Amino acid sequence: MVVTRFAPSPTGYLHIGGLRTALFSYLWAKKNGGKFVLRIEDTDKARNSNEATQAILEAFAWLGLEADREITYQSKRSDIYAKYIKQLLDEGKAYKCYMSREELDTLRETQMANKERTKYNGKYRDFEGTPPEGVEPVIRIKAPISGEIIVHDGVKGDVVFQAEDILDDFVIARADGSPTYNFVVAIDDALMGINEVIRGDDHLSNTPKQIVVYEALGFDIPKFYHVPMIHNQQGKKLSKRDGATDVMEYKAMGYLPEALLNFLVRLGWSHGDQEIFSMDEMKALFDPKDINKSASIYNTEKLDWLNAHYIKNSSNDELVELLLDFDIVLTSHDKKEILLDALKERAKTLKELASLCHEVITTPSEYDAKAVKKAFKGNAFEVLENFAAKLNAADSLHLPADYHHVMEEIVNEMEIGFGKIGNPLRVALLGKMSGPGLDAVMAILGRDETLLRIQNAIKANAN
RNA sequence: GGCCCCAUCGUCUAGCGGUUAGGAUCCAUGGUUUUCAUCCAUGUUACAGGAGUUCAAUUCUCCUUGGGGUCACCA
C-alpha cells in the first residue's frame with residue numbers, strides 16, 4: 001500500500017508550489033489505490049497560527065483534494081517525540097550537550113574566519129565530567145562522522161553525500177525539550193506508515209539527516225522523490241513577493257480548480273504530448289518517474305488558456321453557480337442559456353465572464369467615442385429607426401434566429417451590407433464595437449430593452 | 001565559500017545513439033464571423049560551450065560556463 005503525505009507548516013496560506021507537491025502526492029496515492037494523508041507541522045509556536053491551518057484546509061476543500069485519514073497535528077504528538085528522545089538517550093545514540101549559545105556562536109565565527117565548514121565540534125559527544133552550571137542542555141544525535149549517506153531518489157537518482165561534508169551531531173531536542181524538524185519528520189513519516197515521500201528538492205539536503213534518524217530508530221526508510229522547485233521570472237525560488245502565489249487568489253481571480261490543477265500537474269511533469277488532463281486521467285496516468293529533473297519558471301499564460309478551455313466546457317448550470325461568487329445572479333434569468341452560450345467562449349476567467357454578463361445585462365451608460373465615430377455615420381440612424389420599426393411590428397420574437405430574420409429583412413429592403421446595420425446596432429446595444437452576436441444579444445434583452453437601447457443611443461448621439 | 005542539484009524554442013515540455021528535433025502556449029499572418037472572441041490553417045523561435053567514446057551524438061563520459069537549492073536550539 002502506497003501512503004503519501006503533504007506536510008505543511010501553518011505559517012501562511014497554501015502556496016502554489018506546495019499545492020503542486022501535494023497534488024503529485026495525492027495523485028500517486030490514488031494511482032496506486034493507496035492513501036494520501038495530511039500532517040500539519042505546527043511545532044513552531046511563534047510562527048504558526050490557527051488561521052493559517054484553516055486557510056490551508058480551505059484551499060484543499062476548494063480544489064477537492066481530500067485527505068484519506070484524519071489530519072495529524074504535530075503539536076499533539078509531543079509525548080511520542082519525548083519517548084523516542086529518551087530511547088536514543090538510553091541507548092547512547094544521543095546525548096546532552098551543554099554548550100551555551102554564546103560558545104556555539106564563537107565556534108561558528110572561528111570556523112567561518114578560517115573558511116572551514118561550520119559544524120558542531122562534538123565537545124559533549126563522549127563527555128563524562130560534571131556538566132557546567134546554568135546551561136539547559138540540548139539533545140544531539142550521534143551522527144556518523146565518516147562514510148557515505150546515499151539518498152535513493154526517484155527523481156534525481158542516487159545522490160551520494162559524504163558524512164564528513166554534511167553531517168554533525170545535530171540537535172534533536174531544544175533546551176526547552178521541544179524536538180526539532182528533521183527529527184520529528186522522520187518519526188512521523190515512519191509512524192504514519194508513509195513509504196513514498198514526494199516533496200520539494202529544497203529538502204534534498206535535509207534528507208541525510210532524516211536518514212540518520214531513521215537508522216538510529218531502526219525505521220524503514222521511505223522512497224523519496226524530490227521534485228524541482230518552481231522559479232519566478234528571475235529564476236529564483238518562488239516566494240510570496242512574486243505576485244499571486246496564494247492558491248485562493250486564483251479562486252478570487254476566477255480560475256476553476258480543474259484548470260489550476262491541470263496547469264500545475266503539467267509543471268514539471270508530462271505524459272507525452274497531452275496537455276488536457278481530467279482528474280480521472282491524472283489519477284490514472286501520473287507517475288513520479290516522469291517528473292522532470294530541472295526547475296520550471298512560473299508563467300501563467302498557459303493557465304489562462306486552460307481556464308478558458310474549462311470555462312468553455314462547463315455546463316451553464318455550473319457557470320450560474322460559479323458566477324454567484326462574482327455578483328452575477330442568473331439563477332432565475334429566463335435567457336441564461338443563450339447568454340452563457342454566447343459568452344462562455346469569450347472569457348479567460350470567471351471574473352471576465354461576470355464582467356461580460358454585466359455588460360450585456362446592463363444598459364450602456366456611455367458610448368465608446370471611437371465606436372460612435374465609426375458606426376454612427378451616413379444613414380446609420382435611419383437604418384436604426386427602420387430596424388426599430390420592424391422590430392415593433394414583428395409578431396413573435398424569442399430566439400436569436402427571430403431577430404436575425406428581422407436584420408435580414410432590413411438588409412434586403414434597404415439594399416445594404418450587414419455591416420451597415422451591425423455596427424450601429426452593436427454600439428447602440430452595447431456601447432462599443434465588439435461583443436457577442438447581435439441576434440443573441442437581442443434575444444437575451446428582449447424586444448422592449450432592445451428598442452429602449454436603440455432609442456437611447458439615437459438620443460444620446462444625434463447631434 | 002563547502003556540499004548537492006540542474007541545463008532542448010520567450011515559457012511548459014517530447015526525445016531515451018541515426019528524427020526535416022515533435023507538441024502546447026505566446027506572438028505574427030491568413031481563413032471563418034455583421035464586430036470582437038471562439039474555431040481552423042500557416043509561420044518565426046531551441047539542443048549553453050569544449051573535449052572525449054562511437055561509423056554516428058540533443059541523447060553516453062569528463063571539463064568549463066551558467067543557473068538554482070541548502071548549510072539554525074525555522075519548518
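## Strands β9 and β10

In this predicted model, E196 stands opposite K223, a residue of strand β10. The two strands concerned, β9 and β10 (residues 223–227), pair in the parallel sense over 5 bridges.

Strand β9 itself covers residues 196–200 and is mostly covered, as 4 of its 5 residues are buried. Strands of a sheet pair through backbone hydrogen bonds, in either the parallel or the antiparallel sense.

## A parallel sheet

An open sheet is formed by 3 strands in the order β1-β2-β3, with parallel pairing. Its edge strands are β1 (3–6) and β3 (72–73), each of which pairs on one side only.

Strand β1 pairs in the parallel sense with strand β2 (residues 35–40) over 4 bridges. Within this pairing, T4 stands opposite F36 of β2.

## An antiparallel sheet

Another open sheet has 3 strands in the order β4-β5-β8, and here the pairing is antiparallel. The edges are formed by β4 (94–97) and β8 (171–173), each pairing on one side only. From one strand to the next, the twist averages 45 degrees.

Strands β4 and β5 (residues 138–141) run antiparallel and are joined by 4 bridges. The bridge partner of A94 in β5 is I141. In a regular strand, side chains alternate between the two faces of the sheet.

## The crossing of helices α17 and α19

Helix α17 (residues 400–414) and helix α19 (residues 438–461) have axes that come within 8 Å and cross at roughly 120 degrees. Because of this angle, α17 is oblique to α19. The crossing of α17 and α19 is right-handed.

On the α17 side, the contact is made by P400, A401, Y403, H404 and M407. On the α19 side, D439, A440, M442 and A443 take part. An α-helix has 3.6 residues a turn, so residues three or four places apart point the same way.

## Helix α9, a mostly covered element

Helix α9 (residues 257–265) is mostly covered, with 8 of its 9 residues buried. The buried residues are E258, A259, L260, L261, N262, F263, L264 and V265.

Which helices do the buried residues of α9 pack against? They pack against α1 (16–31), α2 (50–63), α8 (247–252), α10 (279–285) and α11 (301–312).

T106 is found in helix α4 (residues 101–113). Is T106 buried or exposed? T106 counts as exposed because it has 12 C-beta neighbours inside 10 Å, and a residue is exposed if that number is 12 or fewer. T106 and V138 are 32 residues apart in sequence, and their C-alpha atoms are 17 Å apart in space.

G378 is found in a loop, between α15 (369–375) and α16 (380–393). G378 is exposed because 11 other C-beta atoms lie within 10 Å. Along the chain, G378 and K420 are 42 residues apart, and their C-alpha atoms are separated by 9.3 Å.

Key: Residues numbered from 1 in each chain as written. Chains lettered and ligands numbered in written order. Predicted model: local features only at pLDDT ≥ 70, side-chain atom pairs only at ≥ 80, totals over all residues. Buried ≥ 20, exposed ≤ 12 C-beta atoms within 10 Å, placed from the backbone. Pairing = 2+ DSSP bridges. Axes fitted to C-alpha atoms, helices over the stretch in contact; angles between N-to-C directions. Parallel < 35°, antiparallel > 145°, perpendicular 65-115°, else oblique. Left-handed = near helix turned anticlockwise from the far one by under 90°. Contact = placed C-beta atoms within 7 Å.
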